[in-house]
Amino acid sequence: MAEPQDMIMPMLREMREEARQFRSETTGNFADVRNDIASLKDKYKSQYAAMVADTFMSKLITGDFEMRIEALEAELKALKAGH
């Protein structure tokens, strides 16, 4: 049987190599996660833009835009009446 002192160094070398492999795998996995997050952010931006456009269109359809026009027409009438 080998002496305990003779077993320590090989075990430490083996542990060090395993730690290097784990670090390498983890670094690669984090890079994948970062890429996925960037992709999701891009998709979120386009979804947000679509929601803003949808809100604007719904305001136009529901009459918010008409109320602004009516307010401008009322101001124009008041200006004309003042002259």
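In which helix is Met15 found? Met15 belongs to helix α1, which covers residues 4–62. The model is predicted: local features need pLDDT of at least 70, side-chain atom pairs count only at pLDDT 80 or more, and totals for chains, interfaces and linings use all residues. Residues are numbered from 1 along each chain as its sequence is written, and side-chain values use heavy atoms, with hydrogens and water left out.

**Overall form**
- The protein has two helices and zero strands; helices (H or I, at least four residues) and strands (E, at least two) are DSSP runs, numbered from the N terminus.
- Its radius of gyration is 34 Å, whereas a compact globule of 83 residues would have one near 12 Å. This radius is taken over C-alpha atoms, and the globule rule is 2.2 Å times the number of residues to the power 0.38.
- Along the principal axes, the C-alpha atoms fill a box of roughly 110 × 25 × 15 Å.

**Surface**
- The accessible surface of the protein is about 8,000 Å², and 62% of this area belongs to carbon and sulfur atoms. Accessible areas come from the Shrake-Rupley method with a 1.4 Å probe; for residues, only the protein chains shown count as cover.
- Of the 83 residues, 1% count as buried, where buried means under 20% relative accessible area, exposed over 50%, and partly exposed in between (1.4 Å probe, protein chains only).
- Met15 also takes part in a nonpolar surface patch with Ile8, Met9 and Leu12, and together these residues have about 390 Å² of accessible area. Patches are made of residues with over 30% relative accessible area and no salt bridge; like charges are joined within 9 Å, and nonpolar side chains (Val, Leu, Ile, Met, Phe, Trp, Tyr) within 5 Å.

**Charges**
- The structure holds one salt bridge, defined as a side-chain nitrogen of Lys or Arg within 4 Å of a carboxyl oxygen of Asp or Glu.
- This salt bridge joins the side chains of Glu17 and Arg20, at 3.7 Å from N to O.
- Both Glu17 and Arg20 lie in helix α1, three residues apart, about one turn of the helix.
- Glu17 is partly exposed at 37% relative accessibility, and Arg20 is partly exposed at 47%.
- Arg23, also placed in helix α1, counts as exposed because its relative accessibility is 54%.
- From Arg23 to Asp42 the separation is 19 residues in sequence and 29 Å in space, C-alpha to C-alpha.
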